[in-house]
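Colleague: I am new to this structure and would like to learn how to read it. Could you walk me through a few features?

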Amino acid sequence: MSRWASYLQVGLGSALGGTCRMLAGVVVNASIASPFPWATLIVNVLGSWLIARLATHAVLNSSGRIARAHGLLIAGFCGGFTTFSLFSLETVQLAVDGQYGLAALYVGVSVPLWLGAAWWGDRAARRSQARS
C-alpha cells in the first residue's frame, strides 16, 4: 500500500469515527439530561473496547483484513471516535464551573472504565482467536 493510500485510509476512518462520535453524543445528550458528560464517557469506553479488540485481532491475525485495514479502523475510526481531548476540556469546564466533585468523579470513573474496556476488548479478541 502506498503512503498516500495509508493517509487516505486514516483520513476516511477519522471522518467516519468523528461522525459516529457526534451522532452518539446527540443521542446520549437527548436521552440523558445531566451536567455529567455521559456522552464522552460512553464513547470513550466503547472506543477503548473497540480499539483493543481490533488491535489484538490484528496482532493475532497479521495477514487478515483487520490488520490490512489498520489505518482505517484503528488509527482512523477509533482515533476519530474517541475523544480524550474533549474529556480534558469537560473536566476543566466542570472545575471552572465550581463542580469540583463532579470533575473528580468524571476523572475517577473514566480512567478505570477505559482501562477495563480495553482489557475486555483484548480478552474478547483472544477468546475469538482461540475458538477459530
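Modeller: Gladly! Let us start with burial: a residue is buried under 20% relative accessible area, exposed over 50%, and partly exposed in between (1.4 Å probe, protein chains only). This is a predicted model, where local features need pLDDT of at least 70, side-chain atom pairs count only at pLDDT 80 or more, and totals for chains, interfaces and linings use all residues. Residues are numbered from 1 along each chain as its sequence is written, and side-chain values use heavy atoms, leaving out hydrogens and water.

Colleague: Is Ile 42 buried, exposed or partly exposed, and why?

Modeller: Ile 42 is partly exposed because its relative accessible area is 32%. Ile 42 sits in helix H2, residues 38-60 (helices are DSSP runs, H or I, of at least four residues, numbered from the N terminus).

Colleague: Which residues of H2 are buried?

Modeller: Among them are Leu 41, Val 43 and Leu 54.

Colleague: And what is Thr 91 in contact with, leaving aside its neighbours within four places in sequence?

Modeller: Contact means heavy atoms within 4.5 Å. With those neighbours left aside, Thr 91 touches Ala 103, Tyr 106 and Val 107. Thr 91 belongs to helix H5, and it counts as buried because its relative accessibility is 14%.

Colleague: Which residues form the largest nonpolar core?

Modeller: A nonpolar core is a set of buried Ala, Val, Leu, Ile, Met, Phe, Trp, Tyr and Cys residues joined through side-chain atoms within 4.5 Å. Here the largest one has seven residues: Phe 36, Leu 41, Phe 87, Leu 94, Ala 103, Tyr 106 and Trp 114. Its largest share, three residues, comes from H6.

How values were computed
Helix = DSSP H or I, 4+ residues; strand = E, 2+ residues; numbered from the N terminus.
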